[in-house]
Amino acid sequence: MKPLEVYYRRLHKLRYYASHAYLEIFPYAVLKRKWSDIEQAFSLLPDDVRCYLQTRIDYCNRLEQPFNATKPTEGVSFASVGTFKRNHDSAYFFDLAEYTRYFPKEACFSYLFGDVTHVTGQPAFVKSRPIGKSNQNSVMTRLDSVRHFYVRPDPFPFEDKKDLLVWRGAAFSEQPHRVSFLEKFHNHPDCDVGCIHKVSLGKPYHRDFLTIAQQCAYRYILSIEGNDVATNLKWISASNSVCFMTRPKYETWFCEGLMIPDLHYVSLEDDYSDFNEKLAFYRSHPDAARKIVEASKEYIKPFFDKNLETIANVMVLKKYFEMSGQI
């Protein structure tokens, strides 16, 4: 029998695609919206909310210099608002098309879908980028949200959880940071960690699959970056468990680079040399652990406010089209 989690995920995807299908069915003339309406809505937000959202907008779109967006560049895809069509990356298309429709049909833009771990050669819309000072060309938007913003309600209060740390995922040879952690800690008495993929069959760190709900039964959950970001970071942040992770090297619309170490998550050294010390501390200081739980839940909360998310995404795109002289 398949875990109930599988059916939850399928229902989540079905709802997503059903609610976004109109973006492919109807022509631009029907879908068209005005970015000026969103700008007006942004101006009417309470000062503290507007300030918060402006920080995120400027962080996701760090462009400072005018550029030419009308010429295709090698290494990225290119379209105009009116010609933007779906390919095999359906979720990416729907997420971006939901917001490009607020702009003129002749406005051009570049984009690169997938797990992007480099900075694009020219300004382009991406899901992910390296964290750093020179990533201005990679303009983050809310892409592949059906996967990255999938969360489940946590049924367990912090006090009722197992006083252990858990991690489940795939650990491929091209992800040595994951393999290294499992080799070091798969037998740790205070951990239940392992690789669920068949690639680890026969390895001492191979473990059975655990659903999100089953992992939420633990007080501490590890988040390890994969090809780019760690997908589980969002649902951990929304749970009643404490996130343990190294400082992220990549970021998405979730603005992982803005998360504050030891406030929103327990920060670990890249080689996990402080893992035992940090885990022991929070196991013996549950009040400190609860503070991280509350701070992380507060951090993720605005990302599920549909109105704020629409405003933020449209304003990020507006800045792109303004810097390229198209509006």
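1. Which residues point one way from β9, and which point the other way? In this predicted model, Val-242, Phe-244 and Thr-246 point one way from the strand, while Cys-243 and Met-245 point the other way, and all of them are buried. As background for a reader new to sheets, side chains in a regular strand alternate between the two faces of the sheet. The strand β9, which covers residues 242-246, is mostly covered, since 5 of its 5 residues count as buried, a word that stands for a relative accessible area under 20%.

2. The strand β9 belongs to an open sheet of 5 strands, which follow the order β7-β6-β8-β9-β11 with parallel pairing. At the edges of this sheet stand β7 (191-195) and β11, and each has a single partner strand, so one side of each is left without a neighbour in the sheet. From one strand to the next, the twist of this sheet averages 20°.

3. Helix α8, made of residues 176-185, lies across β6, β7 and β8 and runs at about 135° to β7. Helix α11, made of residues 275-284, lies across β6, β7, β8, β9 and β11, and runs at about 165° to β11.

4. What is the order of the strands in the open sheet of 4 strands? The order is β1-β2-β3-β5, and the pairing is mixed; the edge strands are β1 (77-80) and β5 (138-140), each of which pairs on one side only. Neighbouring strands of this sheet are turned by 40° against each other on average, when direction is ignored. Strands β1 and β2 (residues 108-112) run antiparallel and are joined by 4 bridges, and Ala-79 has Phe-109 as its bridge partner in β2. Helix α13, residues 306-323, lies across β2, β3 (124-126) and β5, and its direction is about 120° to β2.

5. The largest pocket holds about 690 Å³ of space, and 28 residues line it, of which Arg-147, Arg-168, Gly-169, Arg-178 and Thr-231 lie nearest its centre. The elements that give two or more residues to this lining are α1 (4-20), α7 (145-148), β6 (162-169), α9 (212-215) and α10 (232-237), and β6 gives the most, with 3 residues. Sorted by class, the lining of the largest pocket has 12 nonpolar, 9 polar and 7 charged residues.

6. Cys-255 lies in the loop between β10 (250-251) and β11 (266-268), and although Cys-255 is not a glycine, its phi is positive, at about 55°. Asp-262 is likewise found in the loop between β10 and β11, and it has a positive phi of about 65° although it is not a glycine. Is each of these residues buried, or is it partly exposed? Cys-255 counts as buried because its relative accessible area is 1%, which is under the 20% limit, whereas Asp-262 is partly exposed, with a relative accessible area of 38%.

Methods: Residues numbered from 1 in each chain as written. Predicted model: local features only at pLDDT ≥ 70, side-chain atom pairs only at ≥ 80, totals over all residues. Heavy atoms only, no water. Buried < 20%, exposed > 50% of the residue type's maximum accessible area, 1.4 Å probe, protein only. 1 Å grid on protein atoms, 1.4 Å probe; cavity = no way out; pocket = protein on both sides within 12 Å on 5 of 7 lines; lining within 4 Å. Points joined across faces, edges and corners; volume = space filled by probe spheres on them. Nonpolar A, V, L, I, M, F, W, Y, C, P; charged D, E, K, R; others polar. Pairing = 2+ DSSP bridges. Axes fitted to C-alpha atoms, helices over the stretch in contact; angles between N-to-C directions. Contact = heavy atoms within 4.5 Å.
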